[in-house]
Amino acid sequence: MNKGNEKQYGGLDRFRIIAAILVIAIHTSPLLSISEWADFTLTRTIARVAVPFFFMCTGFFFLQKLGSDYNRNASMLRQFLWKVGKLYLLSILLYLPVNVYAGYFTDGLTLFSAVKDLLFNGTLYHLWYFPGIMLGVCISTFLYTRLSTWNTFWVTLLLYGIGLFGDSYFGLAQMSPYVDSIYQSMFTLFDYTRNGIFFAPVFIVIGGMIANTRRRKKKKVSPYAIGLGLFGSMLVMEGLLLHAYQLQRHDSMYIFLIPCMYFLFQLLLFWKGKNRPALRKLSLYVYVIHPLCIVLIRGAAKVTGLTGLFVENSLVHFTLVTVLSFVLSVMAMKVIRRFQGEKPDQTGRAWADIHLPHLQHNVREIQRVLPKDCSMMAVVKAQAYGHGGWQIARFLNKLGIDHFAVATIDEGIELRKKGVKGGILILGYTDERRIRQIARFKLTQTVVDDEYAQKLNSYNVKIPVHIKIDTGMGRLGESWTHTEKIASMYRYKNLQVCGTFTHLSVADSLVASDIEYTKNQIARFQKVIEQLKEKGIDPQRLHVQSSYGVLNYGELQYDYARIGIALYGMLSKQGDKVKTNVDLRPVLSLKARVVQVKQVEKGASVGYGRAHRVLKDSKIAIVSIGYADGVPRMLSQSGATCLIRGKRRPIIGTVCMDQLIVDITDMEEVQKGDVVTFIGKDQEEGITAEEMAQQCKTITNELVSHLGERVKRVYHD
């Protein structure tokens, strides 16, 4: 299992900025004042790699997640369409004043033309991208999940070929009156074949194909560099020849654009570096905002009488639009970030970074290994193992997860009050006097034994329940040997039984005796289920496996799998071995700040109880986190380290309630305000939650669920 080794696509993130600048160039023609041919070469051939690049990025990250689970695929597609659709709607609203000024609503606008613009053309010239990517992903997903990868490619290539003759090769289509009439009919539905039907799908599919093939073997950079040089040159020649013979109706689609994009994208994957989500957002903002900047620059030029310099000088015009687009985009990002509260302020003492993309990745990885027709029940008890209960649950809702498990009724009520949808199972005991709250908030209660079932039933309030069977855990649940008591729990009129489950006690162990014990538990559970069915009782939805149950006993076929610790990218203990190969990524990073740096002389003691005495003149940093924040007091007694400026430094003295002390001798660069990492990565170094838990002689589950309320959770998407 690969944990914490996040794949780096820094090259893709950086090229997004280049692509955004190329889009601005397309719409401002920067070299037109110098040479028409030079400008055409730049804006109508070279810059045409920009939009296909964005399509390929979508395919690269989206299509590789698709599997055989129809419901999961549909959920992913809905989520994607909702996200892009919101951006499209906001962009439409942003440009309403521009459309009004340009006479969009008065120059023959009809219902048909409005629908055509919304679905294909965009309500402003650059907004075609949003319906294009949505329609392209729908088509690609439909084909990708029904045909082989190569057949999908050939179908989308055929669509692209049809689109070519309505775009750069339109002059050839016009040579045949019959073919020309077909394309003229098509143009009544959409203005260009550069859209989500003909243009986008092939690049989306190529992106997905690259994502899948790169997993299989390592590749060398030189063939891709040669390929890009060769096909890039041929692309330019193709564009210039078509322009010379005036065959184009529009000049977005070229034959050699496809191989050129393949080699370019492969080459960018060799451009390593940390992933830069901020650059992804910046490129999107620039794409959306730059036409507004064109309007603003032209307006300012007209008011100041500098049209000759600001507009007619195409290079100056391009430069001004580019600079203003980036300035406004950065400002917009800062305003939105502040509004959303994504970052801790500079006075933040201790916080946990919650990486939601890692959570989404883990969901998909776990769903990949779940048996067919088995749904994930996300365990979000104890504030989602310290990650934030309702915040995590609401995000999981967006991913299509609609089954949750909590430990207490109050945890369930909090989820409901925060808008979490779906079933919420209370795994623990709830005082029967709170049964009306169970019903009011539409929670599902675990019935722990027959006596408890009688008490719940006596209140004459109908509630959904799951029956818990103790098959050897020795904890909650009616003993598997009490067949009649178990059967009676299904017959109470006020208890609507929706499921039956048990809990495996040593599913995390691959020791032979523990494997045998687990198999005995499973056999006992199956025996009870068979006995119930013989009595005519339907046990409803069944669930046995938790995280380790899935990872070590993936062959079991049940309706739910209760996924807790693995959902958050961790295992309970460092070095745990599991049978199923699954790539989990840690969701949580724990950090604090240096609040003071000081020198201490040889022989001086630091911390409570004079627990640590320095053996030489030393330098220490006081860090603003302690055991009241969830850092175990014994951490400093186990030789534990933290990360400062990418280097491991020992924690010394005794961990206090609100601070701890770190030895930073020989690190002159450390200063007040520096970030200290206890769980997570800093440059090339990393500390896992499993490592920290082992140093504290506990398990990861306990460590992260003890993170205190003073530790602010900062959610990153």
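## Cysteines

Cys-138 has a relative accessibility of 27%, so this residue counts as partly exposed. The model is a predicted one, and in it the sulfur of Cys-138 has its closest cysteine sulfur in Cys-57, 19 Å away, which is too far for a bond. A disulfide would need two cysteine sulfur atoms within 2.5 Å. Cys-498 is likewise in no disulfide, and the nearest cysteine sulfur to it, that of Cys-374, is 17 Å away. With a relative accessibility of 24%, Cys-498 counts as partly exposed.

How many disulfides does the rule give? The count is zero.

## Overall make-up

The chain has 717 residues, and 54% of them are buried. Its secondary structure consists of 27 helices and 20 strands. The C-alpha trace spans about 85 × 80 × 50 Å along the principal axes of the chain.

## A nonpolar surface patch

Helices H4 and H5 (96-101) each contribute at least two of its residues. H4 gives the largest share, three residues.

## A positive surface patch

Helix H4 (70-94) also takes part in a positive patch, and both this helix and helix H19 (389-398) supply at least two of its residues. The members of the positive patch are Lys-83, Lys-86, Arg-394, Lys-398 and Lys-418.

Lys-86 is placed in helix H4. Is Lys-86 buried, partly exposed or exposed? At 39% relative accessibility, Lys-86 counts as partly exposed.

## Residues with positive phi

Most residues other than glycine have a negative phi. Two residues of this chain can be set beside that rule. Tyr-385 is not a glycine, yet has a positive phi of about 55 degrees. This tyrosine is found in helix H18, which covers residues 381-386. Tyr-385 counts as buried because its relative accessibility is 9%, and the cut-off for buried is under 20%.

Gln-683 is another residue other than glycine with a positive phi, here near 60 degrees. Where is Gln-683 placed? The residue sits in the loop between strand S18 (675-682) and strand S19 (685-687). Gln-683 has a relative accessible area of 44% and is therefore partly exposed.

## A contact across the sequence

Arg-610 and Gly-653 are separated by 43 residues in sequence, while their C-alpha atoms are 7.4 Å apart in space. Arg-610 belongs to the loop between strand S12 (605-606) and strand S13 (612-613). The relative accessible area of Arg-610 is 56%, so this arginine is exposed; the cut-off for exposed is over 50%.

Note on methods. Residues are numbered from 1 along each chain as its sequence is written. This is a predicted model: local features need pLDDT of at least 70, side-chain atom pairs count only at pLDDT 80 or more; totals for chains, interfaces and linings use all residues. Side-chain values use heavy atoms; hydrogens and water are left out. Patches are made of residues with over 30% relative accessible area and no salt bridge: like charges are joined within 9 Å, nonpolar side chains (Val, Leu, Ile, Met, Phe, Trp, Tyr) within 5 Å. Accessible areas come from the Shrake-Rupley method with a 1.4 Å probe; for residues, only the protein chains shown count as cover. A salt bridge is a side-chain nitrogen of Lys or Arg within 4 Å of a carboxyl oxygen of Asp or Glu. Lys and Arg count as positive and Asp and Glu as negative; His and the chain ends are not counted. The place of a charge is taken as NZ of Lys, CZ of Arg, CG of Asp or CD of Glu. Helices (H or I, at least four residues) and strands (E, at least two) are DSSP runs, numbered from the N terminus. Buried means under 20% relative accessible area, exposed over 50%, partly exposed in between (1.4 Å probe, protein chains only).
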